[in-house]
Amino acid sequence: MEQIRQKKLAWTDEEQINDCLSVCRTGYLGLSDGMEPYVVPLNYVWHNKSIYFHGADEGRKIRIIESNAAGCFTICEELGTMSDPVPAKTDTAYWSIMAFGHIEKVTDKEEARNSMQALLNKYVPGYYDKPLASAHLEKYRSSLGSKTAIYKLSPSTLTAKENPLNEKARFTAGRTISLDL
């Protein structure tokens, strides 16, 4: 696995990384479909040090995972643009996390129920008045008739980068170079 090229941007605070993995709402699953890349945005949950997602048990994503289970899951957040009188020094503040690992279908019923409950707790906290029943996962069909499948990516490598926001340089509407000289 290649290391982060700009080591000064490496983000190592595990608590902050776990917090971001827990609250970010959309992630991007990267797969390799032969010689063609395939990236799909997903709702997900960071649960028990793994990334869980669900969807139909058929389709392109599933065919790719079945033939090549190596995956990369990425989340990121832009924090603002930082202006500078030198154009090449204008920059974007952000953080990003990439998890590389093997994707597997969750077949254990208790693990599947717990991960789906964690997804519900993340996206609709407090909405349901009782926990998800295991039987729901076995019976559920999408509007297109597909059975739901749950997958997890357990990271073998996790990298994170952060370019912190310099509030003094934050670009806002109306800011011009004359204010910075």
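S134 touches E110 and R113, leaving aside residues up to four places away in sequence. The model is predicted. S134 sits in helix α4. S134 counts as partly exposed because its relative accessibility is 29%, between the 20% limit for buried and the 50% limit for exposed.

**Largest pocket**

- The largest pocket has a volume of about 420 Å³.
- Its lining counts 17 residues, and M116, L120, Y128, L132 and H136 are the closest to the pocket centre.
- Helices α3 and α4 (134–139) each supply at least two lining residues.
- The top contributor to this lining is α3, with five residues.
- By type, the lining of the largest pocket holds ten nonpolar, five polar and two charged residues.

**Second largest pocket**

- Two or more lining residues come from each of α3, α4 and β7.
- The lining of the second largest pocket splits into five nonpolar, three polar and five charged residues.

**Helix α1**

- Helix α1 spans residues 14–23, and I17, C20 and L21 are buried in it.
- These three lie on the same side of α1, because they cover an arc of only 100° around the axis.
- E15 and V23, on the other side of α1, are exposed.
- The cover over the buried residues of α1 includes strands β3 (45–47), β5 (70–82), β6 (91–105) and β7 (148–163).
- Helix α3 (109–123) is also part of that cover.

**Nonpolar core**

- In soluble globular proteins, nonpolar side chains tend to be buried together.
- Here, the largest nonpolar core has 37 residues.
- The residues with the most contacts inside this core are L29, F73, I75, I97 and I103.
- Which residues does I103 touch, not counting those up to four places away in sequence?
- I103 touches L29, L31, F53, I65, A69 and G71, and also Y151, K152 and L153.
- L29, one of the residues that I103 touches, is also among those with the most contacts inside the core.

Definitions and conventions. Residues are numbered from 1 along each chain as its sequence is written. This is a predicted model: local features need pLDDT of at least 70, side-chain atom pairs count only at pLDDT 80 or more; totals for chains, interfaces and linings use all residues. Side-chain values use heavy atoms; hydrogens and water are left out. Buried means under 20% relative accessible area, exposed over 50%, partly exposed in between (1.4 Å probe, protein chains only). Helices (H or I, at least four residues) and strands (E, at least two) are DSSP runs, numbered from the N terminus. The arc is that of the directions from the helix axis to the C-beta atoms. Contact means heavy atoms within 4.5 Å. On a 1 Å grid over the protein atoms alone, a cavity is a set of points where a 1.4 Å probe fits but cannot get out, and a pocket is an open set with protein on both sides within 12 Å along at least five of seven lines; lining residues have an atom within 4 Å of a point. Grid points are joined across faces, edges and corners, and a volume is the space filled by probe spheres set on the points. Ala, Val, Leu, Ile, Met, Phe, Trp, Tyr, Cys and Pro count as nonpolar, Asp, Glu, Lys and Arg as charged, and the others, Gly among them, as polar. A nonpolar core is a set of buried Ala, Val, Leu, Ile, Met, Phe, Trp, Tyr and Cys residues joined through side-chain atoms within 4.5 Å.
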